[in-house]
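Colleague: I would like to learn how to read a helical model. Could you take me through it feature by feature?

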Amino acid sequence: MPGGSPARKLPQHRPEPSPLRKKDNVTKIDGSKQTKAVKNRLKLFSIRLGIDMTFLFLVVVLVIIGVIMMYSASYPAALRYEDKSYYYLEKQAIFAAVGITVMIGISYFDYHHLHLMAPVFYVFALLLLIVVLFMPGNPKRWISLGDFGFQASEIAKFALILGIADWSSKHFREMHTFKMGVLPCLLMYGVYAALLVLEPHYSGVVIITLLAAVMMFVGGIRKRYFFIAGLLIVGAVLILVVTDKLGYAMQRLDGWGQALTYTTQEMWDNTYQTRNSLYAIGSGGVWGLGLGQSRQKFMYIPEAQNDFVFAVVCEELGLVGAVLILGLFILLVWRGITISMRAKDPFGSMLGTGLSAQIGIQAILNILVITDWLPNTGISLPFFSYGGTSLIILMAQMGIVLSISRTSNLEKV
């Protein structure tokens, strides 16, 4: 205004940020930080606890599914022979709980101490394989002490893996030679194989043969020795066949691949179990009949809760369920080998690889048997087939793999 004081400009009002918006922004930032912090804590917890969570999760999931499917396959036989449908379930659930406890406990055991224990385990398993030859029955596979019984071959598998891992790690640079590589491993394997043939326990021979081959290959033995060994094994089998020394196994070989094309009453009898297994797999289709709805488990598949439990899995859960379970096995073996390759010493790598390979070998052989791609040789499916001592031994071996992971993780801290 003329002659007067200049007009004052009113201060412009700047709106404050919305408290809600500001709060949301802070919450968003804090939430991200909290998520990252939780992940870091879990990672640190996994490292300090010494347990590979992925491997542990896969083992526990397979055990839980295995117990459920074993019960589904077993309750008709349990009700008929034991007058109690939960008979096998109660025992297997207890064994599974004990096995998980043993696995967690062994995961805190430093696997390096097994170096000193390897000869002890080998001799102990050797003595058990000798003792079982004097047990009653034929074939002679079980050592029975009252209500308690176990197969010596289960301990022999672990002892062979441990023995070859121990030797290979001590003579790692000489494993390519015949004297320090091939010969000692063949002797360790050959003694066990001969005793298993005497039982006779041919499925056990097949498993330890494949385990020995895997361990020797990982140990660095030259490929030409595998070719020579393969020829020798084929020659030995042919000699046993020609001389008719395979006994009851010849009946299984005669019926191999002919479960659905039998021509005689004898062939019908010899392929009865495998034929009903194929019926179960076929009737399951893609989606399955539903959990608990299997028809073949009602006394058509003998001992459905044991070696042929996966046939019931296929019938009830179908192709989809079977593939998912096979995927869990594949992931478990892959994770176990991955853990083994991260070990800081050859012994850990060899031992973990062998123990992981055993799961894969038995699972593959079991599935080939129930689908009639291999003769019916009585190979159990890990975590699924009924059997307390075998499950606990298997879980203890998984604990050793976790121990390898724990030791490797602690060295990173």
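Predicted model: local features only at pLDDT ≥ 70, side-chain atom pairs only at ≥ 80, totals over all residues.

Colleague: What does the secondary structure of the protein chain come to?

Modeller: Helices (H or I, at least four residues) and strands (E, at least two) are DSSP runs, numbered from the N terminus. Here there are 14 helices and two strands.

Colleague: What percentage of the residues is buried?

Modeller: Buried means under 20% relative accessible area, exposed means over 50%, and partly exposed lies in between (1.4 Å probe, protein chains only). Of the 413 residues in the protein chain, 45% are buried. Contact means heavy atoms within 4.5 Å. Among contacts with a separation of 6 or more, 73% join residues 24 or more positions apart.

Colleague: How is a pair of packed helices described?

Modeller: By the angle between the axes and the distance between the axes. Axes are lines fitted to C-alpha atoms, for helices over the stretch in contact, and angles run from 0 to 180 degrees between N-to-C directions. Take H12 (residues 309-341) and H13 (residues 346-370): their axes come within 9 Å and cross at roughly 165°.

Colleague: Are H12 and H13 roughly parallel or roughly antiparallel?

Modeller: Angles under 35 degrees count as roughly parallel, over 145 as roughly antiparallel, 65 to 115 as roughly perpendicular and the rest as oblique. H12 and H13 are therefore roughly antiparallel. Their crossing is left-handed: the near helix is turned anticlockwise from the far one by less than a right angle, whereas clockwise would be right-handed.

Colleague: Which classes of residue make up the contact of H12 with H13?

Modeller: Ala, Val, Leu, Ile, Met, Phe, Trp, Tyr, Cys and Pro count as nonpolar, Asp, Glu, Lys and Arg as charged, and the others, Gly among them, as polar. The residues that meet include Phe329 and Gly336 in H12, and Gly352 and Ile359 in H13. By class, this contact has 12 nonpolar, nine polar and no charged residues.

Colleague: How do H11 and H12 pack?

Modeller: H11 (residues 272-284) packs on H12 at an angle of about 20°, with the axes 7 Å apart. The two are therefore roughly parallel. H11 passes H12 in a left-handed crossing. Among the residues that meet are Ser277 and Ala280 in H11, and Cys314 and Glu315 in H12. By class, the contact has four nonpolar, four polar and one charged residues.

Colleague: Now the backbone. Which peptide bond is cis?

Modeller: The one from Glu199 to Pro200, with omega near -5°. Pro200 lies in the loop between H6 (178-198) and H7 (202-219).

Colleague: Where is Asp83 found, and what is its phi?

Modeller: Asp83 is in the loop between H2 (53-81) and H3 (87-107). Its phi is near 60°, a positive value in a residue other than glycine. Asp83 counts as exposed because its relative accessibility is 67%.

Colleague: And is Phe383 buried or exposed?

Modeller: Phe383 counts as buried, because its relative accessibility is 3%. Its phi is also positive, about 75°, although Phe383 is not a glycine. Phe383 sits in the loop between H13 and H14 (388-410).

Technical notes:
Residues numbered from 1 in each chain as written. Heavy atoms only, no water.
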